[in-house]
Number of protein chains: 2
Amino acid sequence: MRNKIADLDVFLRDRGIKASFQRIKIYDYLQCSFTHPSVSMIYEDLHPQIPSLSRATVYNTLNLFLEKKLVQVVNTEGSEARFDLADPHHGHFTCESCGTIIDIPLDKAPALPEGLTGFEVFETQLHFRGKCPQCSSKN
Amino acid sequence: MRNKIADLDVFLRDRGIKASFQRIKIYDYLQCSFTHPSVSMIYEDLHPQIPSLSRATVYNTLNLFLEKKLVQVVNTEGSEARFDLADPHHGHFTCESCGTIIDIPLDKAPALPEGLTGFEVFETQLHFRGKCPQCSSKN
DNA sequence: GTATCTGCAAAACATTTGCAATTCT
DNA sequence: AGAATTGCAAATGTTTTGCAGATAC
């Protein structure tokens, strides 16, 4: 990686998104975090670095990314939406005890069953809920 | 079916839920509707029949059903949660154009990939997003 | 110079909670 | 009577919007 900022700039522009400083930082945050963050988590973490940042900008940016299919809403338990980069080759597991959201690698993206015709699929999501290994062994 | 109300009464009690009139009506509504309704849809439709019904009761009842794993949150697009009876043998398809949520029958419930150990899975959800056959053919 | 994006504050919604009244056993 | 459930109204929390100022092209 030569210059992360410049690369993200190109990446976003290629997808029809004007690459402002805030947008680059938010995309970069999603790429580097493994927590499937909520708007609040993103705002709280980025605000110290970018004191002028507002929550509205985080909301607007994520909505733009959603529209352009760069990100997905992963989980909505607990009333706050949680986000992740769009990628059909992994699913998610939400632990009901500790609330962690874990990436589940998939060999291949799940597909619609044979015989269903006429559907155009833009996005695929596989989600499990239960107890993660740590919480499961604690009982 | 002999007596739907009486049957639902037994069904709910078997699952540790005291079967009030409101709860039976809400469960029955979910069973009979194919729209994957939101709280508002349930409330608007049931309110004429049960004038005293309050939104809070619909929320409370759905939360109780969620806790007892009788229902699932299917979709959260547009900020309102949409509900369906829990059943791992079907997935969902949300049409981005018309907003309809369509049941997708599955031969078998999706499973965690081999090699992941220690997870307890209580709930599985497979979700597609795109254009349904009708909307797809209109462009 | 025009269009777009940001940040603030206010508005709009969705959901939860506290409490009194009601219902069920 | 005692326990649980309902309905209302108020509170909470999240997300969206309108608009003025700042930025980018």
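Biologist: Which residue lies over the face of Phe11(B), and at what distance from the ring centre?
Modeller: Arg15(B) does, at 3.7 Å from the ring centre. Keep in mind that this is a predicted model.

Biologist: And in chain A, what sits over the ring of Phe11(A)?
Modeller: The charged end of Arg15(A), 3.6 Å from the centre of that ring. Phe11(A) also belongs to an aromatic cluster, together with Tyr27(A) and Phe65(A).

Biologist: New topic. How many aromatic pairs are there over all chains?
Modeller: Six. One of them joins Phe93(A) and Phe119(B), with 4.6 Å from centre to centre and 70 degrees between the planes, an edge-to-face pair.

Biologist: Where in each chain do those two residues sit?
Modeller: The pair crosses between chains. Phe93(A) is in strand E3 of chain A, residues 90-95, while Phe119(B) is in the loop between strands E4 (101-105) and E5 (120-131) of chain B.

Biologist: Is Phe93(A) buried or exposed?
Modeller: Buried, because its relative accessibility is 0%, and the cut-off for buried is under 20%.

Biologist: Back to rings. Why is the pair of Tyr27(B) and Phe65(B) called edge-to-face?
Modeller: Because their planes are at 85 degrees, with the ring centres 5.7 Å apart. Over 60 degrees counts as edge-to-face.

Biologist: Which helices do Tyr27(B) and Phe65(B) lie in?
Modeller: Tyr27(B) is in helix H2 of chain B, residues 21-32, and Phe65(B) is in helix H4 of chain B, residues 55-67. The pair therefore ties together parts that are 38 residues apart in sequence.

Biologist: What is the relative accessibility of Tyr27(B)?
Modeller: It is 5%, so Tyr27(B) counts as buried. Phe65(B) is at 0% and counts as buried too.

Notes. Residues are numbered from 1 along each chain as its sequence is written. Chains are lettered from A and ligands numbered from 1 in the order in which they are written. This is a predicted model: local features need pLDDT of at least 70, side-chain atom pairs count only at pLDDT 80 or more; totals for chains, interfaces and linings use all residues. Side-chain values use heavy atoms; hydrogens and water are left out. Rings of Phe, Tyr and Trp (its six-membered ring) pair if their centres lie within 6.5 Å; planes under 30 degrees apart count as stacked, over 60 as edge-to-face and the rest as tilted. Helices (H or I, at least four residues) and strands (E, at least two) are DSSP runs, numbered from the N terminus. Buried means under 20% relative accessible area, exposed over 50%, partly exposed in between (1.4 Å probe, protein chains only). A charge sits over a ring if NZ of Lys or CZ of Arg is within 6 Å of the ring centre and within 35 degrees of the ring normal.
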